[in-house]
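Trainee: May we go through this structure together? I would like to begin with one residue and then widen the view.

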Amino acid sequence: MTTLSSPNSSTVSPSRGTISPAAFGTYESPMPGDSHSGHSEPAISDNDETELHFVSWNQDYSCFAAGTSRGFRVYNCDPFKETFRRDLKSGGFGIVEMLFRCNILALVGAKANTQYPPNKVIIWDDHQSRCIGEFSFRSEVRAVKLRRDCIVVVLEHKIYVYNFMDLKLLHQIETVANPRGLCCLSHQLNTSVLACPGLRRGQIRVEHFGLNMTKLIKAHDSQIACLTLTIDGLLLATASTRGTLIRLFNTIDGTQLQEVRRGVDRADICSIALSPNVQWLVVSSDKGTIHVYSLRVRVVGEDASADAAVRTPTLLCQNSSASLDALISPSTGANPGSSLSFMKGVLPKYFSSEWSFAQFHLPECTQYIAAFGSQNTIITAGTDGSFHRCSFDPVNGGEMVQQEYVRFLKTESRPR
């Protein structure tokens, strides 16, 4: 095994010289009941209690991965079903990241894993049932993000970007303390954008690698709690640890395009997602309510009166805030506001806020990650092992309707 040293913090150990493009393929589900792990370890009894450590969507929200105390599992969202699972006697995984629907995954062991410690990233080829590369660090890995061309490893104070094919280090980024492992990537092949916390409280650093450009955005006064990018990386949505406001920014010039309000009380924002057509935004928090907001972002070729359903996900890219009007559609009043909004500038900002367009209520004190399904649906995966699908009325909004509920893992545990 070749071992390469990475400056200051890590050791990279590809199990062969490069990761061939042929290694990327669409994963085909094994026969039902197959729990092959790629190891010669004995099977684990299904009677053993399984704890849930981690849940995460893949890049297009068609699947999600669950790290458990026994290994990991992957679930298809539509229709909902368990696609496959891998159980290891050595212990479970605290991070499991998919690359769309292909056979390559990034794994980080849970603290109790005797073979894969939480300071090591394993690049796993499930077709070969073996590790094809690994990264070792001096501190615990907080997150891993994947693109088809790069692997991003997030530590508490630093982010490393590696080339996927040869695992060579491309970039190092210093951040403020980042225990949540906040980082997000664009996923279009023609744009390479990374967003992460900056070096100051409430600051976001946006790296446009293709343009060789860095943009610093003062997003909030408090620490950043959650962030996400559109698939092309041109729009950024953020929330702070106060959890009351969600803001939308143009990543090219850093201008704020829209602000919506989740509530008045402090909340821990668990997830933010933008719909592929950039018409909607969904937010989940520890308060249990899933909020959907209407966005006012204009896209290329869109007429102000055109039906939103024909929007394309390619956003108009502006280099000057002076021309930002082209990025913002006239307010349609889709998100309800306060009846006192006419007093804007006189009363506190709360009274001129945009509130959510549609809502779905789930139990409090459970973390849910939310995303967009097909045909005006929201899907959620919870740390209590639950999956929900609900629909919202794109014209009238209001309370969403539950379409499906599945308990994919019976556990009372919560991820780290």
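**A residue and its surroundings**

Mentor: Histidine 208 is buried, with a relative accessible area of 4%; buried means under 20% relative accessible area, exposed over 50%, and partly exposed in between, with a 1.4 Å probe and protein chains only. This is a predicted model, in which local features need pLDDT of at least 70 and side-chain atom pairs count only at pLDDT 80 or more, while totals for chains, interfaces and linings use all residues. Residues are numbered from 1 along each chain as its sequence is written, and side-chain values use heavy atoms, with hydrogens and water left out.

Trainee: Where does histidine 208 lie?

Mentor: Histidine 208 belongs to strand 17, residues 203-208. Strands (E, at least two residues) and helices (H or I, at least four) are DSSP runs, numbered from the N terminus.

Trainee: And which residues is histidine 208 in contact with?

Mentor: Leaving aside neighbours within four places in sequence, histidine 208 is in contact (heavy atoms within 4.5 Å) with Ser192, Val193, Met213, Gly233, Thr251 and Ile252.

Trainee: Now the whole protein: how many helices and strands are there?

Mentor: The protein has zero helices and 31 strands. Of its 416 residues, 57% are buried.

Trainee: Which strands form an open sheet?

Mentor: Four strands do, in the order 19-20-21-22, with antiparallel pairing. Strand 19 (224-229) and strand 22 (256-261) are the edge strands, as each pairs on one side only. Two strands pair if DSSP finds at least two bridges between them.

Trainee: What about strand 21 and strand 22?

Mentor: Strand 21 (residues 245-250) pairs with strand 22 in the antiparallel sense over five bridges. Leucine 248 stands opposite glutamine 258 in strand 22.

Trainee: How many residues has the largest nonpolar core?

Mentor: The largest nonpolar core has 38 residues, and Val121 and Phe137 are among those with the most contacts inside it. Strand 8 (residues 104-109) gives the largest share of this core, five residues. Such a core is a set of buried Ala, Val, Leu, Ile, Met, Phe, Trp, Tyr and Cys residues joined through side-chain atoms within 4.5 Å.

Trainee: Changing topic, how many disulfides are there?

Mentor: The count is zero, where a disulfide is a pair of cysteine sulfur atoms within 2.5 Å. For cysteine 77, the nearest cysteine sulfur, that of cysteine 63, is 6.2 Å away.

Trainee: Is cysteine 77 buried or exposed?

Mentor: Cysteine 77 is buried, with a relative accessible area of 2%.
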